[in-house]
Amino acid sequence: MLAFACAAAAAAPPYALAGREAPDFALRAALGPTLRLSEHRGEVVVLSFWGSHCGPCGAQLAALNRSLKTYESAGLTVLGVGVDDDAVRSKEFAAAQPVTFPLLLDPKKAVARLYRVDNLPMTLLIDRGGTVRFVHRDYDARSDALYLDELRKLLNE
Amino acid sequence: MRKGLILLGLAAALAAGTVLARQPPEKLPATRIRDLHYGDVLFYFYQEDDFEAITRLNAYEHWGLLPHHEAESQLLLGGLYLSLGLHNEAGARFETLLTPTVPTGVRNRAWFYLAKIWYARGYLDKAEHAIRQVQGALPPELDAEKQHLFANILMRQGRFDEAVQLLLHWKGPLDWMAYAQFNLGVALVREGKLAEADPFLTQVGTLKTTRAELLALKDRANLALGFAYLQSNQPAKAKPVLERVRLNGPYSNKALLGAGWAEAALGDYSQALSPWMELRNRNLLDAAVQESYLSVPYAFGKLNASAQAAEYYESAVKSFDDESAKLDEAIGRIRSGHMLDALLTSEKDTHYGWFWQLTTLPDAPESRYLYAVLAGHDFQEGLKNYRDLAYMGRTLDRWGDSIEAFGDMVDTREKAYAQRLPRADALLASDSLTDKQHRRDEMTSRLNTIESGAEVAALGSPQEREQWAQIQKLEAALAGASDNEENAALRDRLRLVKGVLYFRLNAAFKGRLWQERRTVRDLDAALAEAQIRWIRVEKARKSAPTSTGDFAQRIASLRQRIDALQARLASVREKQNGYLADLAVRELEAQKDRLATYQIQARYALASMYDRAANPPEGKP
Amino acid sequence: MRFLTLAAALAVLASPTWAQDAVAQPPAATPAVAPAAAPAAPATDTRGLDQEVQDLKKDVVDLNRDLFVLEEDLLFPANTQVAVFVSLDVGDFFALDSVELKIDQKEVANYLYTPREAEALLKGGVHRLYLGNLKVGSHELVALFSGKGPNERDYQRGATLKFDKGIGAKYLELKINDRQRKQQPEFEIKDWE
């Protein structure tokens, strides 16, 4: 079973997928069409796992939305993946987020397992070639600057 | 009165012949999918995943899985190679379709694409020959493109009359015709045949359309015609034409400049100021705007407003200085590999990716530099190559990982075989199967004998058989005995006992025989299965060492090729990068040169003015 | 019309025309300056690089094919291979959402279709949903598809097939079509013996 902790993770073990190819998947969106990760090859993809019970997740998604506005024209794509036991709450939470990027639903937690999600929110930066380059477990405003640096690096490639 | 001499750069890039339209793969007579794997290729083609489509098409061809779609595959593959820029490959594919056995529709298309390829490589004769091979009509879109291509071929050879004829007899969709007319008009202008060019450019210039690309073409046509008239000293004709150019389109700046010159040529400098002042307020990075920085004071000079003229000249010098410095910085950064940082630094901290990843340019003033660079045909081609190579590199990376896995798999298999082979060999060497088959055969023939001889005793239970044997022994013993009363009684009793036993044996015989036969049948089934397995083991054993050996070899050689290609990819991408950077630098340097020229003229004009002001002339110099 | 846009871009985008313009002459004496011609594209350099790029591309395409072939030869050899395809033959009123596949009671595929993929199917593409290995003998396939029909109506249909796997690759096609009743997609499984 996956254990979700909304609190900041202590010294995090190295992420198993770092430097590896991001596994492909397709998920239905809360609003909008089904999406497949590999259809976004060539763009920098930020994948952010959220849950409806997770406090900082809303803030994380909002921060990502801001970065999307700035960097979209440079080839940035942001995808949110909702991991929830309660499908209804998940949809409600998604509907309530003021973001312009797709919020995907992973009710079976298949994708969360694929990506070894062990904390929420968890955000991955995937480069244009489909490789997982950076991972952020948890969110606070200080990680914004680091995230933007990493993002620019990937966009510059 | 000096006239502005404006030579118009009419480098009308003729619509490239190398671009493959994203057309559906040839709706040939039967597009019914008759080979599932052809449908699989289309699944990727329709998603514009060309590389995947090519890979699968080649692989399925290799395995012979596309027997019903041979012609279509060649056509599709040719088109895909063409879109990758692999002209030779594409040509080879199309050429296989030129035999009479191939349906006309397919052959026509092959000729058409070949024409495009040859045209792109500069073989005009061959291109024309190919076009003439097309019999009958292609589907309307392709046909229009064909006519357009033909027109281009004629124009490139200077055969304008024929091109004109072609246009007059145009059939089909008008979009391509508009391009052909534009190209012809521009070519005629270059030849100095303005009067003949006019009707064509005017037709394009007065097109009724709302489509973005046609609106742009319209502007271009009007611009070209307007400037051609300016150049041939017909400003009155130039004016209305230039007025047709959109005020806020990509060509509005040039049009404003031209409009000003038309007025100036007609002697009305104050009228000229109107478009020029508007222009001067626009972005200095645009060449037309730069020129307006000079033409405005020029006009003021003509209107004898010296103070204002001087002021504007000074301002021009200052602006050009600033701009030149910025260009220098940008060039420096490009040369040191930091192309983008300089171009996009502004108050906001906006660092973007390589600008060639951008689909729309950011809204920063410096990004105006980039438009000109991005617009060039060479740059676009180079960019496409860069992207293709990057994509290919990533694909090979993924294969690199997979092939490690394959290697492991084959190793494991080899080990497994190493363990199992001795067992298999032992089994195959033993005669156990044939042995069992012999025994089965023996059983069957024994049963047959029993049945035909009605040997009821043979199927008796062990007890019964023992009894029967005893009886037979007694019978034999009694046979030779004397015929006394005792013996007679014994014989009788024996006969009775035998009778009873025989009766029992006989009654049970049929049932028992049936049972035995059934047992043999079951044995048969088991033997048959064993036989099949035996064959499989034999087969596997025969192929075992070679198949893993083969795979191991293939994997090793593919690994090498992957490594080698990765190295080449890296090196060529590097070079491509350098080439693109060079193009960008060249463009910026050209801009710098232009600025420098303008600067000199501004300074010179200023100097002259001050000179005249300081030393009013006695008479005309 | 995508090709027109590209052709348009190329037709319209000349090498910067302004580089070839001469400069307007202010009243001072200097004669007109002939414009510097736009620098010609570096001919020999580019051809060298261009040829290199084309050769490289060709080699990569060939290698890719060989890798693809190796992978399938190794993982799904012809005598055990079974491939299941999905095809659509309906009007564009139907948006395919997902297909689920079970072989011998085991789920082997559960594919969600993006709009792009569904479009490719509508145009006539065929999706190879599943590639696997099966032993010789009799097997059972159960398939389920779901999607949206006209008026946002949800569709779910299933089909099942018992088939025999012999020696040699086995191809099965899951055909979604509305031949029976227009605008009502049904499932049909075809065994390409």
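**View 1. Packing of helices H11 and H12 in chain B of the predicted model.** In this predicted model, helix H11 (residues 212–231) of chain B packs against helix H12 (residues 235–243) of chain B at an angle of about 165°, and their axes are 7 Å apart. Because of that angle, H11(B) is roughly antiparallel to H12(B), angles over 145 degrees being counted in this way. The crossing of H11(B) and H12(B) is left-handed. On the side of H11(B), the contact is made by Asn222(B), Leu223(B), Leu225(B), Gly226(B), Phe227(B), Tyr229(B) and Leu230(B), while H12(B) contributes Pro235(B), Lys237(B), Ala238(B), Val241(B) and Leu242(B). Sorted by class, the residues in this contact of H11(B) with H12(B) are 9 nonpolar, 2 polar and 1 charged.

**View 2. Asn233(B) in the loop between H11 and H12 of chain B.** Although Asn233(B) is not a glycine, its phi is positive, at about 60°. With a relative accessible area of 48%, Asn233(B) is partly exposed, since exposed residues are those over 50% and buried ones those under 20%.

**View 3. The loop between helix H3 and strand S6 of chain A, with Arg116(A) and Pro121(A).** Arg116(A), which has its place in this loop, shows a positive phi near 50° in a residue other than glycine, and at 45% relative accessibility Arg116(A) counts as partly exposed. Pro121(A) also lies in the loop between H3 (110–114) and S6 (122–126), and the peptide bond that joins Leu120(A) and Pro121(A) is cis, with omega about -10°.

How values were computed
Residues are numbered from 1 along each chain as its sequence is written. Chains are lettered from A and ligands numbered from 1 in the order in which they are written. This is a predicted model: local features need pLDDT of at least 70, side-chain atom pairs count only at pLDDT 80 or more; totals for chains, interfaces and linings use all residues. Side-chain values use heavy atoms; hydrogens and water are left out. Axes are lines fitted to C-alpha atoms, for helices over the stretch in contact, and angles run from 0 to 180 degrees between N-to-C directions. Helices (H or I, at least four residues) and strands (E, at least two) are DSSP runs, numbered from the N terminus. Angles under 35 degrees count as roughly parallel, over 145 as roughly antiparallel, 65 to 115 as roughly perpendicular and the rest as oblique. A crossing is left-handed if the near helix is turned anticlockwise from the far one by less than a right angle, and right-handed if clockwise. Contact means heavy atoms within 4.5 Å. Ala, Val, Leu, Ile, Met, Phe, Trp, Tyr, Cys and Pro count as nonpolar, Asp, Glu, Lys and Arg as charged, and the others, Gly among them, as polar. Buried means under 20% relative accessible area, exposed over 50%, partly exposed in between (1.4 Å probe, protein chains only).
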